[in-house]
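Student: Could we go through this model together, one question at a time?
Tutor: Gladly, let's have a look.
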Amino acid sequence: MSSAAVLTAAGSGTRLGRALPKALVELGGQPLVLRAAVGLARAGCIGAVVVTVPAAERDAFAALFPGGTVPGTDVPARVVAGGPTRQASVAAGLAALGDDVDVVLVHDAARCLTPPALVRAVEAAVRAGHRAVVPAVPVTDTVKRVGDAGPDGAAPVVATVPRLDLRAVQTPQGFDRALLDAAHAAGAHRAGDEAAAVSDDAGLVEALGERVWVVPGDERALKITTPRDLALAELLLAEDH
Ligand SMILES: Nc1ccn([C@@H]2O[C@H](COP(=O)(O)OP(=O)(O)OP(=O)(O)O)[C@@H](O)[C@H]2O)c(=O)n1
Ligand SMILES: C[C@](O)(CO)[C@H](O)COP(=O)(O)O
């Protein structure tokens, strides 16, 4: 049996505001999706990567994986069309995994600076018996629940949420494959609509009533969402060299 990754790269990157899909945008001269795939492959515990991409851009993405492998490694990479939501894209990726895969890591191309050590930690936690594992970092802002905004745009505070036990969740998220397949099957009716879809895979496992475990995340696993995130990622990359 082996571990594989589903690398989600089918988003458009609306908030980044570029003309091309976000995963093709370069960071330090390398597209985000390629950087993320190499990070997964270099972890040493991932036997194959399935990359979910915008259907219309399949050829452009496939060209990044010549010979069907992650460049510089012998890890097979398969490019498949994603869906209208992240949840749908992950489901498409799961459907393309080989029969020998018993542990799946789901990772965002947008978190392309994730250190290989974090990939190994998540995979090891699943192999150790935790069937659903997410990396997370403590929340440092004060978080408030708010009501509807009035005509002037101001919204009333409803409550201040105690933050001691709050965590901001990252990827890769690791799962026993049978559990993740079951979670996606049970939540399939939500996958077509952004308002109904889950924002992470662990949410589907929670909806099944199964326990999800947290391991320490890493600030370098930040999600590149806005131009400011991309600028921050450039700084983090420069720090590492
Ligand atoms: N239908 C979708 C939507 C998102 N993703 C992937 O899920 C990850 C997290 O999504 P996000 O960072 O929100 O990316 P986008 O959806 O592209 O961003 P935006 O909402 O700004 O358009 C990204 O790697 C993205 O490519 C995906 O595979 N399929
Ligand atoms: C999966 C994720 O990266 C965990 O933080 C996040 O939920 C993705 O959310 P998005 O709204 O698709 O960016």
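Tutor: pLDDT is the predictor's confidence in each residue, on a scale from 0 to 100. This is a predicted model, where local features need pLDDT of at least 70, side-chain atom pairs count only at pLDDT 80 or more, and totals for chains, interfaces and linings use all residues. Residues are numbered from 1 along each chain as its sequence is written, while chains are lettered from A and ligands numbered from 1 in the order in which they are written.

Student: What is the mean pLDDT of the chain?
Tutor: Of its residues, 100% reach 70 or more. The mean for the chain is 97.

Student: Which element has the lowest mean pLDDT?
Tutor: Helices (H or I, at least four residues) and strands (E, at least two) are DSSP runs, numbered from the N terminus. Strand β11 (residues 173-176) has the highest mean, 99. The lowest, 96, belongs to α7.

Student: Is Gly203 buried or exposed, or in between?
Tutor: Gly203 sits in helix α6 (residues 201-207). A residue is buried if 20 or more other C-beta atoms, placed from the backbone, lie within 10 Å of its own, exposed if 12 or fewer, and partly exposed in between. Gly203 has 18 such neighbours inside 10 Å, so it counts as partly exposed.

Student: How many of the 13 residues of α7 are buried?
Tutor: Helix α7 lies largely in the open. That is because the number of its residues that are buried is one.

Student: How far apart are the C-alpha atoms of Gly203 and Asp165?
Tutor: Along the chain, Gly203 and Asp165 are 38 residues apart. Their C-alpha atoms are separated by 17 Å.
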